[in-house]
Amino acid sequence: MSEYRVSVDLEACDGIFACLVRDGRFSEAEDGLVTLPDSDRGDGELVATFDDEKRADAEQAAAACPVDAIEVTEAEP
Ligand code: SF4
């Protein structure tokens, strides 16, 4: 299992929430856009790093996002 990074382009995110049903870690923030647990938000981007077995869920959320706002990549060492 390796660490992975999930980022969301908040400029692109449209609050459609197709991601929520694919990965329960995504939820609605107070401003109507998406958020993730233990994430950093700044500069129009939401970033969280995980080390668990749920990478496939995050990838499904990314695939479901109609505006391609979610990216799942290897975490930088
Ligand atoms: S599916 Fe995409 S546009 Fe919709 S809330 Fe999730 S990240 Fe934002």
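**Entry 1: S7**

I began with S7, which counts as buried at 4% relative accessibility; buried here means under 20% relative accessible area, exposed over 50% and partly exposed in between, with a 1.4 Å probe and protein chains only. The model is a predicted one, where local features need pLDDT of at least 70, side-chain atom pairs count only at pLDDT 80 or more, and totals for chains, interfaces and linings use all residues. I kept in mind that residues are numbered from 1 along each chain as its sequence is written, and that side-chain values use heavy atoms, with hydrogens and water left out.

S7 lies in strand 1; strands (E, at least two residues) and helices (H or I, at least four) are DSSP runs numbered from the N terminus. Which residues does S7 contact, leaving aside its neighbours within four places in sequence? I found E45, L46, V47, A69, I70 and E71, with contact meaning heavy atoms within 4.5 Å. I also noted E71 as the bridge partner of S7 in strand 6.

**Entry 2: the sheet**

Next I followed the strands. Four of them form an open sheet in the order 4-5-1-6, with antiparallel pairing; two strands pair if DSSP finds at least two bridges between them. Strands of a sheet pair through backbone hydrogen bonds, either parallel or antiparallel.

Why is one side of strand 4 and of strand 6 left without a neighbour in the sheet? Strand 4 (40-42) and strand 6 stand at the edges, each with a single partner strand, so one side of each has no neighbour there. Neighbouring strands are turned against each other by 20 degrees on average, direction ignored.

I then went through the pairs:

- Strand 1 and strand 5 pair in the antiparallel sense over six bridges, and D9 stands opposite E45 in strand 5.
- Strand 1 and strand 6 run antiparallel and are joined by five bridges.
- Strand 4 and strand 5, also antiparallel, are joined by three bridges; D40 has V47 of strand 5 as its bridge partner.

**Entry 3: V47**

I stopped at V47 in strand 5. Is V47 buried or exposed? V47 counts as buried, at 18% relative accessibility. Apart from its neighbours within four places in sequence, V47 is in contact with R5, V6, S7, S39 and D40. I also checked V47 against A29: the two are 18 residues apart in sequence and 14 Å apart in space, C-alpha to C-alpha.

**Entry 4: the nonpolar core**

How many residues does the largest nonpolar core have? I noted 20, and those with the most contacts inside it are V6, V8, F26, V34, L36 and I70. Strand 1 (4-9), strand 5 (45-50), helix 2 (55-64) and strand 6 (70-74) are the elements that give two or more residues to this core. A nonpolar core is a set of buried Ala, Val, Leu, Ile, Met, Phe, Trp, Tyr and Cys residues joined through side-chain atoms within 4.5 Å. In soluble globular proteins, nonpolar side chains tend to be buried together.

Not counting residues up to four places away in sequence, V8 touches C13, F26, V34, G44, E45, L46, A69 and I70.

Helix 2 lies across strand 1 and strand 6, and runs at about 145 degrees to strand 6. Axes are lines fitted to C-alpha atoms, for helices over the stretch in contact, and angles run from 0 to 180 degrees between N-to-C directions.

**Entry 5: rings**

I counted one aromatic pair. The rule takes rings of Phe, Tyr and Trp (its six-membered ring) with centres within 6.5 Å, and calls planes under 30 degrees apart stacked, over 60 edge-to-face and the rest tilted. Y4 and F50 form a tilted pair, 5.8 Å centre to centre with 35 degrees between the planes. This pair links distant parts of the chain, with Y4 in strand 1 and F50 in strand 5, 46 residues apart.

Y4 is buried at a relative accessible area of 0%, and F50 counts as buried at 11%. R25 lies over the face of F50, 4.3 Å from the ring centre; a charge sits over a ring if NZ of Lys or CZ of Arg is within 6 Å of the ring centre and within 35 degrees of the ring normal.

**Entry 6: positive phi**

Most residues other than glycine have a negative phi. D38 is not a glycine, yet has a positive phi of about 50 degrees. D38 lies in the loop between strand 3 (34-35) and strand 4 and counts as exposed at 77% relative accessibility.

Where is D68 found? I located D68 in the loop between helix 2 and strand 6. D68 is not a glycine either, and its phi is positive, about 55 degrees. D68 is exposed, with a relative accessible area of 62%.
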